[in-house]
There are 2 protein chains.
Amino acid sequence: MLNNKSDSFDSMETRYKVQFVNSLIGHKPVNLIGTIDSEKKTNLSIVSSCFHLGANPALIGMIIRPDSVPRHTLENIKETNSWTINSVQEEFIKKAHQTSARYPKETSEFNATELTEVYIDNFIAPYVKESIIKLGLELREVVELKINGTVLVIGEIKDFHIPTEIVSKDGHINLDKTSIVSVCGLDHYNTVENLIRLSYAKPDSWPEEIQ
Amino acid sequence: MLNNKSDSFDSMETRYKVQFVNSLIGHKPVNLIGTIDSEKKTNLSIVSSCFHLGANPALIGMIIRPDSVPRHTLENIKETNSWTINSVQEEFIKKAHQTSARYPKETSEFNATELTEVYIDNFIAPYVKESIIKLGLELREVVELKINGTVLVIGEIKDFHIPTEIVSKDGHINLDKTSIVSVCGLDHYNTVENLIRLSYAKPDSWPEEIQ
């Protein structure tokens, strides 16, 4: 058993520690972030730091490290107040991962990785054509987290494009019917299989399976 | 295709919208949060809002909605400055989900769900014995997000307990070798299968599979 006494954080080599700590909370969502700057140069960046912040209004949070590749992403979001979140599917996992390479700002990751830039309904930021879930967000707030210099970017979902057949009558989206992947740590992509949907929990009974 | 023109957020019934928006970013990590108050009453709460905030120091963020069940969690964290994050495995998924029922504060979800409270190395908050990954956190910061009244709780990992056999030589944790689940939306638990690990991306070549 590994623990902080036998194998302390302080004794870990930097890259080992980054891999290790990134894996600790479990399976993470992975998405492609599409942006454009005021001169119409586009950027595409893979992130595993998006999280649900609220449904009403529909808000998504995203953590960006200032020294990481998505710094172009943050610059573009601040310039245009908008970005897209696009799902990552098994079929184009290598292309999606490749967007994390340190390309110069004048190179669009769309061109470099051959993922397809698409514009829908006059939304300013580019979507990824290959992604089956596409979200268009408007910037609401940028919160600098002084504790470690990361930035929390908060956006409101202004548009979405989702195949009708994966949405249940109650609004739930059956991601297990798609090839959308999850990520563990920095670089380990996994596929997902249906286990069980459970009913709203009440103190006096056990939850039941939702069919 | 569903989009915000044909099926606008404004037209969605509240519970539909909550299900829908919670599913949009993809597969989320799911964990059990163990806490204790100053009178030694314990609490256990399932959350899907933990995210990686940084490796050095090792920081985890967690979003708590003030009106949600984990309000006891937030009260306890503020009282004792500590909490635990515990993995959720397929074998006890119903018990884990049941911790989201609205029990009164005097009822410990450990007792109500028959998950086992365990204390390790004098860490103040209780761990879940059944969880194969156990993290002990110390409170670093509570950030109120005025945009929607949620609270961002930031903690530093002070201890961890992880089976040696699932940790690779480079620090990566092979969650696919465990039965740790992910969650989609509010209530849909999924199992995860290995797809591929990819090498660090460089601009002049495609990533390769890490064996």
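Modeller: Happy to! Let us begin with a term we will need: a residue is called buried when its relative accessible area is under 20%, exposed when that area is over 50%, and partly exposed in between. Please keep in mind that this is a predicted model.

Let us start with Asp37(B). At 6% relative accessibility, Asp37(B) counts as buried, because that value falls under 20%. This residue has salt bridges to two lysines. With Lys105(B), the closest N and O atoms are 3.1 Å apart. Asp37(B) sits in the loop between β3 (31–36) and β4 (42–47) of chain B, while Lys105(B) sits in the loop between α3 (93–98) and α4 (109–113) of chain B, so their pairing ties together parts that are 68 residues apart in sequence. Lys105(B) has 25% relative accessibility and therefore counts as partly exposed. The other partner of Asp37(B) is Lys41(B), and here the closest N and O atoms are 3.6 Å apart. Lys41(B), at 30% relative accessibility, is partly exposed too.

Now turn to chain A. There, a network of salt bridges links Asp37(A), Glu39(A), Lys41(A) and Lys105(A).

The side chains of Arg140(B) and Glu156(B) meet at 2.9 Å, N to O. Arg140(B) belongs to strand β10 (residues 134–145) of chain B and Glu156(B) to strand β11 (residues 150–162) of chain B, so this pair ties together parts that are 16 residues apart in sequence. Which of these two side chains is buried, and which is partly exposed? Glu156(B), at 17% relative accessibility, counts as buried, whereas Arg140(B), at 35%, counts as partly exposed. Over all chains, a search of the whole structure finds 18 salt bridges.

To finish, look at a helix in chain A. In α2 (residues 71–80), the buried residues are His72(A), Thr73(A), Leu74(A), Asn76(A), Ile77(A) and Thr80(A). The elements covering them include β3 (31–36), β4 (42–47), β6 (58–64), β7 (82–87), β10 (134–145) and β11 (150–162) of chain A. Just after this helix, Asn81(A) takes a positive phi of about 60 degrees.

Note on methods. Residues numbered from 1 in each chain as written. Chains lettered and ligands numbered in written order. Predicted model: local features only at pLDDT ≥ 70, side-chain atom pairs only at ≥ 80, totals over all residues. Heavy atoms only, no water. Salt bridge = Lys/Arg side-chain N within 4 Å of Asp/Glu carboxyl O. Buried < 20%, exposed > 50% of the residue type's maximum accessible area, 1.4 Å probe, protein only. Helix = DSSP H or I, 4+ residues; strand = E, 2+ residues; numbered from the N terminus. Contact = heavy atoms within 4.5 Å.
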